[in-house]
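This report describes selected local features of one protein chain. The sequence and structure are shown first, and the description follows.

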Amino acid sequence: MVDEAQREGTGDGALGLLALLADDASVAEVAAAPAPPEARELAVRVAAAREVHQRREAGLSALLETARALASESDTGQVLDAIVRRARALIGTDLTYLTLYDPEAGDTYMRATDGSISAAFQSVRLELGAGLGGLVASTRKPYWTADYWNDDRFRHTTDIDGAVSEEGIIAICGTPLLVENDFVGVLFAANRTPRPFTREEVGLLGNLATLAAVTLVQTRALADAESALAALSEAHETVRQYADGIEKAAAAHDRFASLVLGGGGVDDLTHALADLLGGWAALVDEDGSVRSASPGAVVPQSFPDLGAGRLVTAGGVHGLAVATADEHLATLFVGGTGDLADADRRTVERAGVVTALVLLFERQAADTRQAARNRVVSELVAARGPEEDRVQLVRSAGTDTDAPFCLLVLRGDASTSTRALALSASAATGDGALVGVHEGDVVALVPGDDPGALAASVAARVGRRGEVTVSGVGPLRGVAGIPEAHVEAARTVAALVALGRRGEGAAATQLGFAGLIVGSDPDVASYVTRELGPLLGYDARRGTDLVGTLAAWFDAGRSPRHAAGRLHVHVNTVAQRLERIGALLGDGWQEPERSLELQLALRMRALLPTD
């Protein structure tokens with residue numbers, strides 16, 4: 001039996017325990033209170049249960065607060081950073097971190113950390129099944145340890161252990177991030193000193209992981225939805241721009257078509273393109289000459305290679321090859337527009353197609369006209385039909401043979417087609433000339449009375465597109481002398497080529513002694529005068545004999561001493577005369593080619609009749 005004093009003491013101890021419990025005393029405080037063992041044990045159990053409930057309540061409150069905080073985040077990176085910060089604050093560990101699953105690599109990689117100090121740890125990857133995290137990832141179950149290094153449940157690897165060691169981690173708790181059956185990653189809490197994890201802490205970390213996984217998936221879904229919406233908006237804008245571009249290109253096509261149907265040429269198309277784009281445009285022929293240009297055009301001196309139908313941009317200038325399937329016709333340049341939108345690029349490409357068609361039409365018309373001229377030239381050169389008919393043919397072609405004209409023969413190199421040479425010659429000789437093709441040669445009847453000058457001029461102008469040799473005969477009047485003039489011109493152009501004077505233009509009279517051979521009516525007197533004229537004139541004015549001295553010098557093998565003997569004068573006299581001869585004939589008179597001409601002229605002079 002317990003006496004009255006003991007009952008009173010027991011009552012006082014129980015009341016004290018109740019008072020402690022009412023004041024939310026800790027388990028340690030309740031356990032240290034004076035009271036009967038049975039009452040104290042019961043009070044400790046009550047205090048411990050109350051602390052568990054309080055921790056659970058605090059955890060739930062923290063979870064709710066975390067959920068509210070995460071709900072306000074829309075960026076995936078910010079969500080992950082918020083998760084590891086909350087986990088560290090709730091669990092109270094030295095650091096927390098989160099890894100995400102990489103389905104392509106089949107492992108997890110570090111994505112967010114809080115409290116980490118090691119760069120190697122922050123970049124480590126965990127293969128499934130390796131280390132504590134790898135085991136969590138492979139089993140989809142939480143694992144924890146108070147001493148990672150001495151826990152043989154985990155497969156240690158060099159990479160993982162090196163990173164964990166550098167971070168100084170000893171105690172680790174990891175729990176998977178799962179959404180239904182989808183594995184997202186692993187959430188970790190770790191300590192740098194040994195620390196046991198209670199089931200309540202593991203459960204709290206698991207709840208955080210679940211909340212994090214759901215939030216992460218929702219955030220990703222929201223980001224995907226926003227991306228899809230942005231892509232849809234971009235696609236809508238692209239469709240709108242494409243529709244605008246089609247409408248703009250159609251309007252450009254209508255304008256180009258109207259110009260062509262109205263008889264417009266490439267010049268009209270070039271100006272229309274510049275007007276549509278708000279800049280300048282220029283069409284350049286294959287040889288680099290500008291065929292058409294709008295005001296302000298600055299044609300580049302060099303430009304990258306152009307593929308057929310492909311617009312190329314360099315130095316703020318856009319270039320397009322105007323071409324058929326197998327031939328480059330010209331180049332279209334556009335500038336002063338900045339970067340071209342797709343619609344504008346299509347406009348330039350459409351302009352290139354239309355320009356190619358117009359050029360082909362122009363070529364076909366030019367070929368038709370040229371074929372007619374070829375027939376006229378062949379009739380004249382071959383002297384077919386009555387002379388009156390030939391005169392009428394020339395007049396119908398727009399050439400006046402009553403006025404002085406010269407006949408030219410043009411021969412190009414192997415790379416130049418006869419058709420192209422005829423077209424170039426027509427452009428070079430201008431209005432009033434008649435250009436045609438006869439037996440492979442280009443023949444031109446050109447107004448003028450100086451065949452040598454005309455031949456040289458045409459050779460220079462046409463030669464810009466390729467080496468062209470031109471001979472000239474004339475002046476002529478009427479059509480009767482055309483066949484003979486053609487024969488002489490053909491021989492002269494052949495002589496020019498044989499003498500190594502390709503690419504030059506000259507008349508037979510300008511070929512020296514060779515002109516006497518190829519000319520149809522050799523004029524020996526004129527040849528002698530051309531070669532020896534300065535000496536003959538000097539002798540006539542001064543009563544000297546420089547011509548005789550020159551002949552004696554050549555006959556003496558160019559020896560002044562032997563020439564002096566032949567002339568019966570002093571050698572110094574010969575030297576002085578040779579000096580005067582050089583001054584009259586000019587530099588180079590002793591060169592082999594000029595010396596040959598002088599010797600032949602001296603021989604020819606001896607054959608001329610004397611007055």
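Helices are DSSP runs of H or I with at least four residues, numbered from the N terminus. On this basis, Leu423 belongs to helix H12, which covers residues 418-429. The model discussed here is predicted.

Leu423 has a relative accessible area of 26% and is classed as partly exposed. Apart from neighbours within four places in sequence, Leu423 is in contact with Ala366, Asp367 and Gln370. Between the C-alpha atoms of Leu423 and Val462 the separation is 9.7 Å, although these residues are 39 residues apart along the chain.

## A nonpolar surface patch

Val353, Leu357, Leu360 and Phe361 make up a nonpolar patch on the surface, and their accessible area together is about 360 Å². One of these residues, Leu357, is part of helix H10, which runs over residues 342-382. Leu357 is partly exposed, at a relative accessible area of 42%.

Strand S14 comprises residues 441-447 and includes Asp441. Is Asp441 buried or exposed? With a relative accessible area of 10%, Asp441 is buried, because the cut-off for that class is under 20%. The side chain of Asp441 forms a polar contact of 2.9 Å with the side chain of Arg411.

The loop between strand S13 (434-438) and S14 contains Glu439. Glu439 is exposed, its relative accessible area being 71%. The backbone of Glu439 has a phi near 50 degrees, which is a positive value in a residue other than glycine.

Pro475 is located in strand S15, spanning residues 468-476.

## Helix H17 and the residues after it

Helix H17 consists of residues 546-555. Seven of its ten residues are buried, so the helix is largely enclosed by the rest of the structure. The buried residues in H17 are Leu546, Val547, Thr549, Leu550, Ala552, Trp553 and Phe554. At the start of H17, the backbone nitrogen of Gly548 has a side-chain oxygen of Asp545 within 2.9 Å.

Just after H17, Gly557 adopts a positive phi of about 70 degrees. Arg558 lies in the loop between H17 and helix H18 (560-567). Its phi is near 70 degrees, a positive value in a residue other than glycine. Arg558 is partly exposed, with 34% relative accessibility.

How many disulfides does a search of the whole structure find? The search finds zero. A disulfide is a covalent bond between the sulfur atoms of two cysteines. Cys173 is buried, with a relative accessible area of 1%. Cys406 is likewise buried, at 0%.

Note on methods
Residues are numbered from 1 along each chain as its sequence is written. This is a predicted model: local features need pLDDT of at least 70, side-chain atom pairs count only at pLDDT 80 or more; totals for chains, interfaces and linings use all residues. Side-chain values use heavy atoms; hydrogens and water are left out. Patches are made of residues with over 30% relative accessible area and no salt bridge: like charges are joined within 9 Å, nonpolar side chains (Val, Leu, Ile, Met, Phe, Trp, Tyr) within 5 Å. Accessible areas come from the Shrake-Rupley method with a 1.4 Å probe; for residues, only the protein chains shown count as cover. A salt bridge is a side-chain nitrogen of Lys or Arg within 4 Å of a carboxyl oxygen of Asp or Glu. Helices (H or I, at least four residues) and strands (E, at least two) are DSSP runs, numbered from the N terminus. Buried means under 20% relative accessible area, exposed over 50%, partly exposed in between (1.4 Å probe, protein chains only). A disulfide is a pair of cysteine sulfur atoms within 2.5 Å. A polar contact is a pair of N or O atoms within 3.5 Å; within protein, one must be able to donate a hydrogen and the other to accept it, and residues adjacent in sequence count only if both atoms are side-chain atoms. Contact means heavy atoms within 4.5 Å.
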